[in-house]
Amino acid sequence: MKTKVLILLAIGISTMGFAQKDEIKAAEKAMKSGDAAAALAALESAASTIGAADEKLQAQYYADLGNANYDLAQKGDASKFKAALDAYNKVISVEEASGKAKYTSVAQEKMSQMTADLVNAAVEDNNNQKYAEAADKLYMSYKLSPKDTVYLYYAASSAVNGQEYEKALDYYNELKDINYDGSDVTFTAVNVETGETETMDKATRDLYVKAGTHKDPKEEKSPSKKPEIVKNIALIYQQLGNNDKALEAYTDARAENPEDVNLVLGEANLYYTMGDKGKFKELMSEASNMAPDNPDLLYNIGVINMEQGNMEAARDAYKKALSVDPGYINALLNLSTTYIKKGRSLKK
């Protein structure tokens, strides 16, 4: 009896294998005729049993699954990019485990093509103000090509533009964790014939200068993106109402860029919203010392002092604002208000 059960089980497994092969053949036939949707339907019918197939059949299945999803993604269904990526990664993992690599090179080539498609689609999404969709595609591009960390940076920027703050925060923290710098060197030279400055790689620039077709070679380094990243982390935590995390992030941001007066203003504003007007006043004073010719800073210092009843300090701040900008109407009005309030207090 036990022997019969084993025979029946073997027959069942064999029949299952034939069914999987038939579905894969049907899918490949549909792909050849350009019907990726039919191919996907055929493959999905084998999805529940493919795990029991041998590694060779599994690799073929996932390669076809990747191809069908990728074809649909290229035809406009952006949701299929992720499914294609997952399928191609499955091809690679299955063949790594089996020690055979029949489909791996094809999967890797398709993934490389997909990166370019995703970036182009993300650019189009951003142009159409579909920022959340662009962020998803750019992040997927980064996962496809981790060496291209700039995709992660642009994914974070797109997420902010789409007001997807939690997603943007994840991306910025990931940028911070990988120590993303983002600075770059641009090589330029002036075309002798046209007089125009041209940008090119260093080797080409040096060759042209040596040949005499170009002159005035220059190298321009763009600033690091690290200060911007830590600043945005702080701002997003503040936006999400996580004040403790925001304060930690401001500490990191100011350590990264101690000369950025906007970071001091941001931290001051956070303390103000938390009700700590003393710390707000301290930071605003620090900011005014960093930018003594900024009338807005001086005006805000006056406002907080006036709210706290420190009329002399408020008056001094408003006068300083007016000395920088004599036409600053709000400072002038508030300065007169300090005298009115003083007069009222004397009458009492």
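**Salt bridges in a predicted model**

Reader: Which residues are linked in a network of salt bridges?
Author: Lys202, Arg205, Asp206 and Glu219 are linked in such a network. A salt bridge here is a side-chain nitrogen of Lys or Arg within 4 Å of a carboxyl oxygen of Asp or Glu. This is a predicted model, in which local features need pLDDT of at least 70 and side-chain atom pairs count only at pLDDT 80 or more, while totals for chains, interfaces and linings use all residues. Residues are numbered from 1 along each chain as its sequence is written, and side-chain values use heavy atoms, with hydrogens and water left out.

Reader: How many salt bridges does the structure hold?
Author: The structure holds 16.

Reader: What does Arg254 form a salt bridge with?
Author: Its partner is Glu286, with the closest N and O atoms 2.3 Å apart. Arg254 lies in helix H11 (residues 243-256) and Glu286 in helix H13 (residues 277-290), so the pair ties together parts 32 residues apart in sequence. Helices are DSSP runs (H or I, at least four residues), numbered from the N terminus.

Reader: Turning to Asp136, which side chain does it meet in a salt bridge?
Author: Asp136 meets Lys167, at 2.7 Å from N to O. The pair links distant parts of the chain, with Asp136 in helix H6 (residues 131-144) and Lys167 in helix H8 (residues 165-177), 31 residues apart.

Reader: What is the relative accessible area of Asp136?
Author: The value is 36%, so Asp136 is partly exposed; that class falls between buried (under 20% relative accessible area) and exposed (over 50%), using a 1.4 Å probe and protein chains only. Lys167 is also partly exposed, at 24%.

Conventions. Helices (H or I, at least four residues) and strands (E, at least two) are DSSP runs, numbered from the N terminus.
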